[in-house]
Amino acid sequence: QVQLVESGGGLVQAGGSLRLSCTASRSSIIKMGWYRQAPAKQRELVATITSGGFTNYASSVKGRFTISRDNGKGTVYLQMNLLKPEDTGIYYCQAKPTAWDVDYWGQGTQVTVSS
């Protein structure tokens, strides 16, 4: 079992920045990432990163967001720059310890971008 704790959400103006953090209860995790869900919309991929450093981004955030991780600490980060109102939503940390494990999810952290 893996527990995930997110932090760093908040309210910012358009064009501003936020940095999200997520710490897992164990450090050996093959893939970690961030997903988000706006009101009345489905949860969508934001970015993922493997233990080897391979990254994947949604086209809507590529060039503005950067995902990184500290494998020793079991922490994944999401640096969000040039934020837009459409980035508003609840951001969830995701972790997959091994290829045969289920996905684990954090409780979510709210990100609100005002116009």
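**View 1. Strands S7 and S8 run antiparallel, joined by six bridges.** In this predicted model, S7 covers residues 65-70 and S8 covers residues 75-80.

**View 2. Strand S7 has a covered face and an uncovered one.** Look for Phe65, Ile67 and Arg69 on the covered face. Thr66, Ser68 and Asp70 make up the uncovered face. From there, Ser68 leads us across to S8, where its bridge partner is Tyr77.

**View 3. Ser21 belongs to strand S3, residues 18-24.** Is Ser21 buried or exposed? Its relative accessibility is 15%, so Ser21 counts as buried, the cut-off being under 20%. Leaving aside residues up to four places away in sequence, Ser21 touches Val5, Glu6, Ser7, Trp34, Val76 and Tyr77.

**View 4. Stepping back, the protein chain shows 11 strands and zero helices.** Its radius of gyration is 13 Å, close to the 13 Å that the globule rule gives for 115 residues, so the chain is as compact as a globular protein of that length. The C-alpha trace spans about 40 × 25 × 20 Å along its principal axes. Buried residues account for 42% of the 115 residues. Among contacts with a separation of 6 or more, 54% link residues 24 or more positions apart.

**View 5. The protein chain carries 12 positive and 7 negative side chains.** The centres of these two sets lie 3 Å apart. The chain exposes about 6000 Å², and carbon and sulfur atoms supply 50% of that area.

Technical notes: Residues are numbered from 1 along each chain as its sequence is written. This is a predicted model: local features need pLDDT of at least 70, side-chain atom pairs count only at pLDDT 80 or more; totals for chains, interfaces and linings use all residues. Side-chain values use heavy atoms; hydrogens and water are left out. Buried means under 20% relative accessible area, exposed over 50%, partly exposed in between (1.4 Å probe, protein chains only). Helices (H or I, at least four residues) and strands (E, at least two) are DSSP runs, numbered from the N terminus. Two strands pair if DSSP finds at least two bridges between them. Contact means heavy atoms within 4.5 Å. The radius of gyration is taken over C-alpha atoms; the globule rule is 2.2 Å times the number of residues to the power 0.38. Accessible areas come from the Shrake-Rupley method with a 1.4 Å probe; for residues, only the protein chains shown count as cover. Lys and Arg count as positive and Asp and Glu as negative; His and the chain ends are not counted. The place of a charge is taken as NZ of Lys, CZ of Arg, CG of Asp or CD of Glu.
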